[in-house]
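Q: I have a structure open and have not looked at it before. Can we go through a few places in it?

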Amino acid sequence: MEQVGDLGMDGAAIMGLGIAELASAIARREVTALAATEASLTALAAWQPATNAMARPRAEAAREAASAVDAAIAAGRKLGPLAGVPMAHKDMYYRAGEVAECGAKVRRGFVPDVTSTALARLDEAGSVQTAALNMAEFAFNPTGHNDHTGHVRNPWNGAHITGGSSSGSGAAVAARATFAALGSDTGGSIRLPAAICGVTGLKPTWGLASRHGAMPLSASLDTVGPLTRSVHDCALVTQAIAGADPNDPDAADRPVPDYLATIDAGAKGLVIGIEKRFLWDGIEPEVEAILEEALSAWRAAGATIVEVEAPGLAELRALVGTIMFAEAGTLHGTWLRERADDYTPVVRARLESGLAIPAATYLDALRARAPVTQAFCDAVFSRCDALFAPVLLFPVPTIAESDVRAEGGARWSSAIPRNTRIFNYLGLPGLSLPSGFTRNGLPCGHQLIGRPFDEATLFRAGHAFQRVTDHHLKAPRLSVQALPSPHA
């Protein structure tokens, strides 16, 4: 591979760095931002036939942005903490004047006139967007299937799902083709692909980061957050995008803490809770064994593990479903009437079911949210600092078996987000961490749920876990074997 940068570091070596390492090397002019961008563009293109992660590259725009970073550094100007770091983002984050299709035929060729706050803040921090990434249609499918754009394939094994809806984000980060990717999480769409692809992902507290200029699905549940290779990287990106925004009234007007100030404090003194009555109910033995090993790693890191009770979790599934489907159906009402055939049947059916939810049922679910959340926090966080929970209760399924058209395929749409959606209803932050691999060679992950706006504790705890484990350091290898068409 062509040598780049003053240190003679090749593209593979550049892509092996962490975000802080790369930003520091670029700032010291040991590696150029342009070299890092070329390395990411090369990796994205190399992995594209195997994963179908990219919706569209932004090669020329990325090169121009990277060259501007290098010029600014050469001129001695002070830049942001992510200066020159290549990132690629889910194809639902609007950039004025550029196509954003949201994985949907309905949005084919759509060009917004606004730039999302999250992208603008990453731009301000100096990062370089190299591509838009494929996603589930309108972010409304937990498996990641998409007949419009072709299914995104898991880089660990292309026959398996990535999880959705941030499917391209999970695949691209896992493949080490980008350093970070924005996703969105309405019912698990960051934590699911993070766990299924073996990367780190944060669903922040509802309101921590602005949703302005990001495709909406369910305003009461939508969150904006990153998928990264490590907790440290996750904290850096979250730091950049968090905070109040006059363009989003739901973005909380509160100071954003310095997440790196406490990230190295370790797990000693932290209490991790586990709730097995609901969250572990039905777990398959090999997944349970991996998560028990993860709990042992938490103990080794210095944390105390305690069992907790959280009554009413089963009932939360109905409440979150009511809000999600009612809001999504209403949002799409005009298109459903005028362009119904432009939706895939499964997404259309899910959206239309939301139109049948009575207003009183929807309002009751909204009214219950605050007291239910308070009761949950009182019961759980009076006993622990964070709640440990499985993401999936079973090994990652294949694309074929989880297709809704396959026999038994429809069950996966509820089974996959079973343990994630409930925390969207509660509005709590959730950090997904790689935990190991099942016998089929696919990743397995767990999530840490924290108190509202206490992402700092999740980052501290997760970083401590990653100091005593190496799951997050493992990466898939690109196979030269021909894979089926992404539309297969």
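Q: Let's start with Ala-456. What does it touch, leaving out residues up to four places away in sequence?
A: Ala-456 touches Tyr-259 and Thr-262. Keep in mind that this is a predicted model.

Q: Which helix is Ala-456 in?
A: Ala-456 lies in helix H16.

Q: Is Ala-456 buried or exposed?
A: Ala-456 counts as buried, because its relative accessibility is 17% and the cut-off for buried is under 20%.

Q: How far is Ala-456 from Leu-41 in space?
A: The two are 32 Å apart, C-alpha to C-alpha. In sequence, 415 residues separate Ala-456 from Leu-41.

Q: Back to H16. At what angle do H9 and H16 pack?
A: Helix H9, residues 285-301, and helix H16, residues 455-468, pack at about 100 degrees. Their axes are 9 Å apart.

Q: So what do you call that arrangement of H9 and H16?
A: H9 is roughly perpendicular to H16, because angles of 65 to 115 degrees count that way.

Q: Which residues make the contact?
A: From H9, they are Ala-294, Ala-297, Trp-298 and Ala-301. H16 contributes Ala-461, Gly-462, Ala-464, Phe-465 and Val-468.

Q: New topic, strands. How many residues of E8 are buried?
A: Five of the five residues in strand E8, residues 224-228, are buried, so the strand is largely enclosed by the rest of the structure.

Q: How many bridges join E6 to E8?
A: Strand E6, residues 180-184, is joined to E8 by five bridges, and the two run antiparallel. Within that pairing, Leu-182 has Pro-226 of E8 as its bridge partner.

Q: And E7, in what sense does it pair with E8?
A: Strand E7, residues 200-203, pairs with E8 in the antiparallel sense, over two bridges. Thr-200 has Thr-228 in E8 as its bridge partner.

Q: One more residue. Where is Thr-130?
A: Thr-130 sits in strand E5, which covers residues 128-133.

Q: Buried or exposed, that Thr-130?
A: Thr-130 has 0% relative accessibility, so it counts as buried.

Q: What is Thr-130 in contact with, leaving aside neighbours within four places in sequence?
A: Thr-130 is in contact with Thr-37, Ser-40, Leu-41, Leu-44, Pro-57, Arg-58, Ala-59, Ala-62, Pro-86, Met-87 and Ala-88.

Notes: Residues are numbered from 1 along each chain as its sequence is written. This is a predicted model: local features need pLDDT of at least 70, side-chain atom pairs count only at pLDDT 80 or more; totals for chains, interfaces and linings use all residues. Side-chain values use heavy atoms; hydrogens and water are left out. Helices (H or I, at least four residues) and strands (E, at least two) are DSSP runs, numbered from the N terminus. Buried means under 20% relative accessible area, exposed over 50%, partly exposed in between (1.4 Å probe, protein chains only). Contact means heavy atoms within 4.5 Å. Axes are lines fitted to C-alpha atoms, for helices over the stretch in contact, and angles run from 0 to 180 degrees between N-to-C directions. Angles under 35 degrees count as roughly parallel, over 145 as roughly antiparallel, 65 to 115 as roughly perpendicular and the rest as oblique. Two strands pair if DSSP finds at least two bridges between them.
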